[in-house]
Amino acid sequence: MVNATKGLFISCDIPMAQFIINMNAALPQSQKFIIQVLDSTHLFVQPNVAEMIRSAVAEFRDQNSYEKPN
Amino acid sequence: MGHGEKGRPHKKHKSSAKEEQRSTFVEDDDGYFGDEVDDDLRDGEGKKRDFSKLELKPDHANRPLWACADGRIFLETFSPLYKQAYDFLIAIAEPVCRPESMHEYNLTPHSLYAAVSVGLETETIIAVLNKLSKTKLPKEMIDFIHGSTANYGKVKLVLKKNRYFVESPFPEVLKNLLKDEVISRARITSEGLQGNDGFTISKSMGEMGNSHDGLLNEAELAAAAEEKETHSFEIDPSQVENVKQRCLPNALNYPMLEEYDFRNDTVNPDLDMELKPQAQPRPYQEKSLSKMFGNGRARSGIIVLPCGAGKSLVGVSAASRIKKSCLCLATNAVSVDQWAFQFKLWSTIREDQICRFTSDSKERFRGNAGVVVTTYNMVAFGGKRSEESEKIIEEIRNREWGLLLMDEVHVVPAHMFRKVISITKSHCKLGLTATLVREDERITDLNFLIGPKLYEANWLDLVKGGFIANVQCAEVWCPMTKEFFAEYLKKENSKKKQALYVMNPNKFRACEFLIRFHEQQRGDKIIVFADNLFALTEYAMKLRKPMIYGATSHVERTKILEAFKTSRDVNTIFLSKVGDNSIDIPEANVIIQISSHAGSRRQEAQRLGRILRAKGKLQDRMAGGKEEYNAFFYSLVSTDTQEMYYSTKRQQFLIDQGYSFKVITSLPPPDSGPDLSYHRLEDQLSLLSKVLSAGDDAVGLEQLEEDADDIALHKGRRSMGSMSAMSGANGMVYMEYRTGRKLAGQGQIKSNKPKDPAKRHFLFKRRYG
């Protein structure tokens with residue numbers, strides 16, 4: 001029987017996919033949000049996590065970029 | 001400019017306590033005219049960004065610079081007056097940022113102190129600045145210049161017969177100084193010689209004809225000179241530095257003048273040396289020397305020239321102008337040899353007048369004047385010496401040196417400097433460096449340890465003049481592979497992060513591609529830099545190239561460098577950070593940097609300096625010539641990792657010098673496939689497991705003894721990494737054995753090794769764990 005699940009399709013580069021997978025792995029079982037890892041650049045996740053992923057990615061990027069202090 | 005500038009945060013010269021306030025400035029850009037008025041009143045900084053009050057002169061288009069009330073000065077480099085304005089500004093202000101068309105400078109008390117010490121007078125500074133400025137000089141700036149320079153030149157520090165004296169024609173000033181606790185404690189009161197207020201008064205010290213313009217005849221001159229009285233008191237040689245510091249603008253504000261009247265020094269024997277006729281100093285070298293010898297005397301200070309621009313010739317010229325005994329300090333044995341060679345190359349000094357003093361070659365000092373070349377470590381070394389070197393150091397200590405020549409002053413930690421300077425007595429100190437930046441902000445110490453900055457060359461001008469190579473800088477972005485990045489993100493690998501991003505297979509492939517391209521297509525000579533020893537060995541082994549790191553012996557180093565210079569087959573060498581400073585490899589013209597010392601701006605600049613020596617024909621190198629760029633600097637960076645942060649930070653110094661970094665994202669080209677290593681997934685995975693199984697110690701950074709600029713490193717740094725650590729023979733046996741015994745004996749551990757049982761070798765876990 002065919003099962004339909006509503007979700008969010010994420011397309012990103014390889015490192016970011018790994019970042020999201022790592023994020024998911026760090027969460028307790030009940031909060032895991034990845035439904036399916038499709039391939040190395042595509043993920044299928046719960047529909048409500050877009051904001052959370054976005055802010056986590058933004059924070060990660062901030063850590064890795066340098067701004068000249070004044 | 002006014003509008004574009006307003007969101008721009010201010011310069012650092014204000015206290016850091018204002019830092020937070022400033023950040024709020026940046027945020028409420030919109031409330032510029034409203035809320036901020038309060039802020040303006042509170043700290044008086046607000047005017048900085050409101051330039052509407054500046055009065056524009058009618059002929060402003062012909063004038064090259066903008067002077068702002070906060071001490072910042074902007075110079076248009078396209079102005080016809082640029083050259084003159086630049087020479088003037090570099091003397092009175094600190095360069096902040098020097099890109100191609102617009103330079104930014106900052107007036108600070110230190111820079112003004114340097115200005116007056118090279119002979120510029122307060123009124124001249126203001127008059128010239130006013131002449132060059134497009135706007136009327138703000139009153140604040142004039143007051144600032146007056147305030148910073150008024151007291152200059154009233155006090156002198158003089159070395160006479162191995163004793164230090166503070167001298168001044170004004171007894172009140174000396175009394176003022178003595179009110180200070182530090183200075184009065186440093187004073188040595190000599191018996192008998194005391195005048196009525198305790199100062200030694202000498203009558204013959206008058207300034208010969210300084211204020212007489214040579215109009216008086218000799219008899220009158222002599223009379224005038226005799227009338228002048230100089231008051232002085234002696235101070236403890238070990239306290240000289242503290243006294244000098246107390247006299248700086250931020251304390252008592254009587255900056256001390258240190259000049260050496262070497263022509264009239266009859267006490268110290270002359271050294272017979274001249275520059276050889278073929279030694280032709282370039283214009284900027286002449287200029288820096290003229291700053292040093294401005295009025296026929298020698299001033300102490302620092303000269304800043306980019307690497308490869310001929311610092312040694314400046315040093316040798318200075319020594320041969322003073323013609324007294326000279327002590328030359330370098331950072332390591334290799335550069336000691338190079339300095340000795342430079343002295344013989346450029347000057348007529350005789351073989352027996354120059355000697356090297358290192359742990360390998362202890363040449364005794366003969367005759368009554370000469371040049372001694374040694375390292376900072378040898379002089380500052382505190383432990384027990386051999387009898388032979390004890391004798392030499394005693395001689396160095398007892399001698400009055402005409403010139404103390406200090407190479408690479410930026411690398412020497414302050415405490416070692418103090419020691420060196422307290423041990424050696426010199427009339428004049430000259431510091432040479434390419435990069436006056438340190439991550440630990442200890443640069444300001446140099447101001448009182450050596451003296452003000454006398455000259456700083458503009459890198460881009462030297463490039464344009466063809467004196468140094470025109471370097472194309474590039475940052476190569478290498479994406480992390482899936483497997484490496486997954487490991488990078490794992491918490492348990494936090495200590496291996498560096499190893500993971502350095503060993504990123506994509507980075508390796510990019511490096512291999514670049515080496516091949518430059519070796520085969522252009523016939524270039526390549527240096528690959530890696531701070532991470534694990535990466536250094538992995539890369540060098542895999543690519544079958546020679547490498548040099550801290551533990552490589554002097555003999556082997558020389559052999560490898562020789563092969564690199566002469567052989568057609570050795571075109572690439574791998575260097576750890578031992579190669580950062582002073583290893584002279586003039587043949588190299590490509591640098592590939594695969595890992596680095598966190599965010600150290602100095603290291604980046606020093607590494608670039610390895611390829612700055614100009615090569616090839618001048619006309620080819622000029623813009624539009626055959627080879628506009630003849631040197632290449634690649635920094636390989638793994639994207640999405642900490643390395644991106646460090647990389648940007650490291651580039652700041654070079655960017656301030658006007659260099660720009662080009663970002664390359666498509667290296668190696670996608671079609672390179674199996675030509676390069678680590679194409680297959682299995683290879684990548686085995687590399688990954690190698691990295692993961694290496695001990696935390698082994699993947700860390702190399703630590704060199706002379707390295708002290710380590711504030712730049714971030715907290716989670718590992719301490720030691722050496723070749724033997726990789727082979728498993730880490731000296732662990734010895735270390736553990738010893739500490740084990742101590743444990744049993746006294747229950748106390750004194751070792752610099754971490755004692756975490758989890759880190760112990762598994763063989764020993766059973767025994768001690």
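Predicted model: local features only at pLDDT ≥ 70, side-chain atom pairs only at ≥ 80, totals over all residues.
Local features need pLDDT of at least 70 and side-chain atom pairs count only at pLDDT 80 or more, while totals for chains, interfaces and linings use all residues. Residues are numbered from 1 along each chain as its sequence is written, and chains are lettered from A and ligands numbered from 1 in the order in which they are written.

**View 1. Chain B as a whole.** Let's start with the overall count: chain B has 31 helices and 28 strands (DSSP runs numbered from the N terminus, helices being H or I of at least four residues and strands E of at least two). Of its 769 residues, 42% are buried (20 or more other C-beta atoms within 10 Å of the residue's own, with C-beta atoms placed from the backbone). Among contacts in chain B with a separation of 6 or more, 74% join residues 24 or more positions apart (a contact means C-beta atoms, placed from the backbone, within 7 Å).

**View 2. Where chain B touches chain A.** Here 17 residues from chain B meet 11 residues from chain A. On the chain B side, α20 (482–489) and α27 (642–656) are the elements that give two or more residues, and α27(B) gives the most, with 6 residues. By class, this side has 8 nonpolar, 5 polar and 4 charged residues (Ala, Val, Leu, Ile, Met, Phe, Trp, Tyr, Cys and Pro count as nonpolar, Asp, Glu, Lys and Arg as charged, and the others, Gly among them, as polar).

**View 3. Strand β15(B) and its partner.** In β15 (residues 354–357) of chain B, Ile354(B) and Arg356(B) point one way and Cys355(B) and Phe357(B) the other, and all are buried. In a regular strand, side chains alternate between the two faces of the sheet. β15(B) pairs in the parallel sense with β16 (residues 371–375) of chain B over 4 bridges (pairing requires at least two DSSP bridges). Look for Arg356(B) opposite Val373(B) in β16(B).

**View 4. Helix α25(B) under cover.** In α25 (residues 601–609) of chain B, 9 of 9 residues are buried, including Arg601(B), Glu604(B) and Leu608(B). The buried residues pack against β22 (471–478), β23 (526–529), β26 (590–593), β27 (631–638) and α27 of chain B.

**View 5. Two loop residues with positive phi.** Glu408(B), a residue other than glycine, has a phi near 50° and lies in the loop between β18 (403–406) and α17 (414–423) of chain B. Glu408(B) counts as buried because 23 other C-beta atoms lie within 10 Å. Tyr678(B), also not a glycine, has a phi near 55° and sits in the loop between β28 (661–664) and α28 (681–693) of chain B. Tyr678(B) is buried too, with 22 other C-beta atoms within 10 Å.

Conventions
Contact = placed C-beta atoms within 7 Å. Buried ≥ 20, exposed ≤ 12 C-beta atoms within 10 Å, placed from the backbone.
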